[in-house]
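Q: I have not looked at this one before. Can you walk me through a few spots in it?
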Amino acid sequence: MKNTSYLSKLVLLRHGESEWNKQHIFTGWTDIDLSDRGKQEALYAARILEDHDLVFDVAFTSLLKRAIRSLWIVLDEMQLMWIRVHKDWRLNERNYGELQGLNKGKITMQYGEQQVFNWRRSYDIRPPALAINDARHPCHDFRYKNLLSKQLPSSESLKDTMERLLPYWHLYIAPELKMGKTVLIVGHGNNLRALIKYLDSISESEIIKTNIPRGIPLIYELDHKLKPITHYYLSKKKSLKNLSQQINEL
C-alpha cells in the first residue's frame, strides 16, 4: 500500500526510444526525434498513468524534440494538453561532446570498454570536448542564442549535468511541489539520474549503477520539505498487455 501522507507527487519519465537510441549512437544535445517504437513507448507510459488515475498540474521538459514529443504524446493521450508546460535547456540531456553522432560499438572498439564505461556512467569524467568551431557545438544552435558562452557546454559529466539542473529545480520546479502540485518531468537518462541522485542522496559510486528505463513512470511522493517518503515505478496492468506486445514486436 502506498503512503498517503505525502504533500506532493513528482513523476519522472524518460523519453521513448529515439532514432539514434535505435542505432546505438551517442545523442547528447543533438536533436533527434523518436523512433516508431519510441512513440509507442510514450503512448504506453500515458496508458499506465491513466490506469493509475494520475492527473498533472504542470509539466517540465527539455528543449530536445525526443523529450518534447514524448510529453506531447502523454498529454494528448491523457486529455491534458491544456496544462502548463515549461521547456528549458537546463533539462537537456548530458552533452556527450565529441562522442555525439558516433556509434557506441565502434567507440568501444577504438577506446576499450572501460574508457567508454567511464565516459557514459561515471559521476565526474567528461567525454572529449567539442571544439567551438565544430558544427555540433550548441553555440551554433539558434535555440541557445540568448545563453552566455559559459553556459553552453562543450562536454559534460553527470556532475556537470547535476550542477546546471539543480538551480532550475530549486527556482522553478520545487515551488510547484511545495504548493502540493502533481508535477511531471519528461527528461533524459542522465538528467533524471542527476535528479534522482539529489533526491535520494545517492553516493557517487552508487549512481554509476542507476539506470532509468524508457517509458516507465517513476513516482516520488514528497513531504513538505520535498524529501522522498517513498518512490516506485508504476507497473503495467492487464489492459496494457496488447500495447506492450506491439512495442516488443517493433
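Q: How do H4 and H5 lie relative to each other, and at what angle do the axes cross?
A: This is a predicted model. In the model, the axes of H4 (residues 104-111) and H5 (residues 113-121) cross at roughly 125°. Angles of 65 to 115 degrees count as roughly perpendicular and those over 145 as roughly antiparallel, so H4 and H5 are oblique to each other.

Q: Within what distance do the two axes come?
A: The axes of H4 and H5 come within 7 Å.

Q: Which residues meet there?
A: From H4, Lys 104, Ile 107, Thr 108 and Tyr 111. They meet Glu 113, Gln 115, Val 116, Trp 119 and Arg 120 of H5. By type, the residues of this contact are four nonpolar, two polar and three charged.

Q: What about the ends of H4? What does Asn 103 reach at the start?
A: A side-chain oxygen of Asn 103 comes to within 2.8 Å of the backbone nitrogen of Gly 105. Just after H4, Gly 112 has a positive phi of about 95°.

Q: New topic: where is Gln 100, and is it buried or exposed?
A: Gln 100 sits in the loop between strand S3 (84-87) and H4. Its relative accessibility is 1%, so Gln 100 counts as buried.

Q: What does the side chain of Gln 100 reach?
A: The backbone nitrogen of Tyr 96, at 3.0 Å.

Q: And which residues is Gln 100 in contact with, leaving aside neighbours within four places in sequence?
A: Among them are Phe 26, Thr 27, Gly 28, Trp 29 and Thr 30. Gln 100 is also in contact with Asn 95, Leu 130 and Arg 136.

Terms used:
Residues are numbered from 1 along each chain as its sequence is written. This is a predicted model: local features need pLDDT of at least 70, side-chain atom pairs count only at pLDDT 80 or more; totals for chains, interfaces and linings use all residues. Side-chain values use heavy atoms; hydrogens and water are left out. A polar contact is a pair of N or O atoms within 3.5 Å; within protein, one must be able to donate a hydrogen and the other to accept it, and residues adjacent in sequence count only if both atoms are side-chain atoms. Helices (H or I, at least four residues) and strands (E, at least two) are DSSP runs, numbered from the N terminus. Buried means under 20% relative accessible area, exposed over 50%, partly exposed in between (1.4 Å probe, protein chains only). Contact means heavy atoms within 4.5 Å. Axes are lines fitted to C-alpha atoms, for helices over the stretch in contact, and angles run from 0 to 180 degrees between N-to-C directions. Angles under 35 degrees count as roughly parallel, over 145 as roughly antiparallel, 65 to 115 as roughly perpendicular and the rest as oblique. Ala, Val, Leu, Ile, Met, Phe, Trp, Tyr, Cys and Pro count as nonpolar, Asp, Glu, Lys and Arg as charged, and the others, Gly among them, as polar.
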